[in-house]
Amino acid sequence: TGSTPIGLYRCLVEDCEAGALSFKDVTSFNLDEYRGLDPQHDQSYRYFMSTTCSPMLISTCSHPCADGACPDADAACAAYEQAIAEAGGLGLQLLGLGHNGHIGFNEPAPEFPKETHCVALTESTINANSRLFDSADDVPREAYTMGIGTIMAAKEILVVANGADKADIVRRAFFGPVTPEVPASILQFHPNVT
């Protein structure tokens, strides 16, 4: 989800429309979702994925994201983890990279969160996402996101980072020390990251 992979999604949609690629046997799990947004809200990640990727005809979108509208954070996160486990885990995890090293909404923190959880968004993330809302006041302050353990359990991980302004965080994440203060740095320990 998010703006980083939009170019990749466009290429995949073009390949599907040309008959070069099919996602008919794919189950998709979104990385994250804003807490408190209805799935039909035009800024929910569920809505984003359904409109952006609908031409890909992903056959099983029964688990597009943790339920942002669910008021019980623990129940929403546990249900999502269970759905991932029942599907046999994640084959390919697509990640963007935030300016502060966040992956999903796993913000810099004193430790790596293991499973899907509810997180308070940092002001830098709220400000970065405010361009998509009428104002910064409309950006949700919390989100559900896959935990680092869930991400790291994927068989393969693809990280997309666009622009010269991401050069420093790419260096810190992939060539600096592994620390929860740069959440993406944990990917240095994954055996199959591109």
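This tour visits the salt bridges one after another.

The model is predicted. It holds 3 salt bridges.

**Stop one: Lys24 and Asp25.** Select both residues. Lys24 forms a salt bridge with Asp25. Their closest N and O atoms are 3.3 Å apart. Now show the surface. Is Lys24 buried or exposed? Lys24 is exposed, and Asp25 is too.

**Stop two: Arg35 and Glu142.** Select this pair next. Their side chains meet in a salt bridge, 3.1 Å from N to O. Which parts of the chain does the pair link? Arg35 sits in the loop between β1 (32-34) and α2 (45-53). Glu142 belongs to strand β4, residues 142-145. Arg35 has a relative accessible area of 25%, and Glu142 has 32%. Both values lie between the 20% and 50% cut-offs, so both residues count as partly exposed.

**Stop three: Arg171 and Asp168.** Move on to helix α6, residues 167-175. Select Arg171 and Asp168, which both lie in this helix. They are 3 residues apart, about one turn of the helix. How far apart are their closest N and O atoms? The distance is 2.5 Å, and the two residues form a salt bridge. Arg171 is partly exposed, at 46% relative accessibility. Asp168 is partly exposed as well, with a relative accessible area of 40%.

Methods: Residues numbered from 1 in each chain as written. Predicted model: local features only at pLDDT ≥ 70, side-chain atom pairs only at ≥ 80, totals over all residues. Heavy atoms only, no water. Salt bridge = Lys/Arg side-chain N within 4 Å of Asp/Glu carboxyl O. Buried < 20%, exposed > 50% of the residue type's maximum accessible area, 1.4 Å probe, protein only. Helix = DSSP H or I, 4+ residues; strand = E, 2+ residues; numbered from the N terminus.
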